[in-house]
Amino acid sequence: MNIMDFNVKKLAADAGTFLSRAVQFTEEKLGQAEKTELDAHLENLLSKAECTKIWTEKIMKQTEVLLQPNPNARIEEFVYEKLDRKAPSRVNNPELLGQYMIDAGTEFGPGTAYGNALIKCGETQKRIGTADRELIQTSALNFLTPLRNFIEGDYKTIAKERKLLQNKRLDLDAAKTRLKKAKTAEAKSSSEQEVRITQSEFDRQAEITRLLLEGISSTHAHHLRCLNDFVEAQMTYYAQCYQYMLDLQKQLGSFPSSYLCNNNHNAGTPVPSALPNVIGSSAMASTSGLVISSPNISDLKESSGSRKARVLYDYDAANSTELSLLADEVITVFSIFGMDSDWLMGERGNQKGKVPITYLELLN
């Protein structure tokens, strides 16, 4: 027999087996044939494996969305992964925002309060961007990769063996059906022999499938360790971000509560980017309906005298009635009757002009 004849006979046998399975499957669905049921333990293992696969896929996909919200970027990373090539490095959102802030602060002037604050904020945003990049890399390596390996590796093997088990069961039930329909002793003998063979093959495949499925418990234990790694990576990331913002807040200082609660303050009243020790320890801004509560300022406004004050931040005069200020310089300030409560008159040598009180610290 040549190779061609062998291949033809094999194809014919395969076609016959496929047809037999198709007939058996159809008759089972129509209730016209009996079906060999799997034992309860094996059914539970199959159900557990399917449940694990479904939820692993959902968790994996949503984690990818969490780490990379941009769908186009995710598609690009997927394509590069399939091509076994490294995706080009891109600037993430915090890094981009940070660079914009730094560029803006440089444009406005690092010597100004706003420009200096923008640069500090930009540098912090870039540090957060670096931490974000580290979170993505660590999570992909320690969490997403093991989940993906299960879906694309272990579960595919389980699915393959499960399909073989289904085919062996169909072969067994088809053989049982032929045995029932056998009329002659010779046909019965042949069918009984076929049933014994198919039963043996089915039992062997059921054992193989069972052994694979029992490994799901080990998979859960492994995924639990990976989950702990993911939680630790997130904890590290959020701790870094918190520390970065805490350091930034210390650099900028904190606004008094009256500023945070008032969204309708006078647009003409300048607000510095940072307000540590503003006009003494108890100073508060006076904007629409807000009253400055500092005893030093109240005393100064009620008297006709003058005081020395240290400038806390750079201030650029908005017009000729105002006086520009430089941080850390000392000027003379005094109050004029009827002047807005947010302002004092400032004097430096021969220069005079209005100055915002939130930029000053009165000296004893």
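The accessible surface of the protein comes to about 22200 Å², and carbon and sulfur atoms account for 56% of it; accessible areas here follow the Shrake-Rupley method with a 1.4 Å probe, and for residues only the protein chains shown count as cover. The model is a predicted one, in which local features need pLDDT of at least 70 and side-chain atom pairs count only at pLDDT 80 or more, while totals for chains, interfaces and linings use all residues. Residues are numbered from 1 along each chain as its sequence is written, and side-chain values use heavy atoms, with hydrogens and water left out.

Of the 364 residues, 35% count as buried, a label for relative accessible area under 20%, with exposed meaning over 50% and partly exposed the range in between (1.4 Å probe, protein chains only). The protein contains nine helices and five strands; these are DSSP runs numbered from the N terminus, helices being H or I with at least four residues and strands E with at least two. Their order from the N terminus is α-α-α-α-α-α-α-α-α-β-β-β-β-β.

Together with I54 and I59, W55 forms a nonpolar surface patch with about 300 Å² of accessible area. Patches are built from residues with over 30% relative accessible area and no salt bridge, joining like charges within 9 Å and nonpolar side chains (Val, Leu, Ile, Met, Phe, Trp, Tyr) within 5 Å.

Charged pairs come next. Side chains of opposite charge can pair when their charged atoms come close. With a salt bridge taken as a side-chain nitrogen of Lys or Arg within 4 Å of a carboxyl oxygen of Asp or Glu, the whole structure holds 13 of them. One joins E57 to K53, with 3.6 Å between the closest N and O atoms. These two residues are four apart in helix 2, so about one helical turn separates them. E57 is partly exposed at 23% relative accessibility, and K53 is likewise partly exposed at 22%. E64 and R148 also meet in a salt bridge, at 2.5 Å from N to O. This pair links distant parts of the chain, with E64 in helix 2 and R148 in helix 5 (residues 113-181), 84 residues apart. E64 is partly exposed, with a relative accessible area of 24%, whereas R148 is buried at 16%. Elsewhere, E207, R210 and E214 are linked in a network of salt bridges.

Helix 5 also holds Q125, which counts as buried at 18% relative accessibility. Neighbours within four places in sequence aside, Q125 is in contact with P94, E95, L97, G98 and M101. Further along, an unreviewed UniProt entry lists residues 158-185 as "coiled-coil region"; UniProt positions are given in the numbering used here, feature names are shortened, and annotations may be inferred rather than shown by experiment. In the model, this segment is 89% helix and 0% strand, and its end C-alpha atoms lie 41 Å apart.

Turning to the strands, strand 1 (residues 306-311) runs antiparallel to strand 2 and is joined to it by five bridges, pairing being assigned if DSSP finds at least two bridges between two strands. Within this pair, K308 has T332 of strand 2 as its bridge partner. Strand 2 also runs antiparallel to strand 3 (residues 343-348), with three bridges between them, and V333 stands opposite G346 in strand 3. Strand 2 covers residues 330-334 and is mostly covered, with four of its five residues buried. E347 forms a salt bridge with K352, the closest N and O atoms being 3.4 Å apart, and E347 is partly exposed at 24% relative accessibility.

The C-alpha atoms of D314 and G111 are separated by 7.0 Å, although the two residues are 203 apart along the chain. Leaving out residues up to four places away in sequence, D314 touches G111, T112, A113, L325, L326, A327 and Y359. D328 lies in the loop between strand 1 and strand 2 too, and D328 is exposed, with a relative accessible area of 55%. Most residues other than glycine have a negative phi. D328, not a glycine, has a positive phi of about 80 degrees.

Conventions: Contact = heavy atoms within 4.5 Å.
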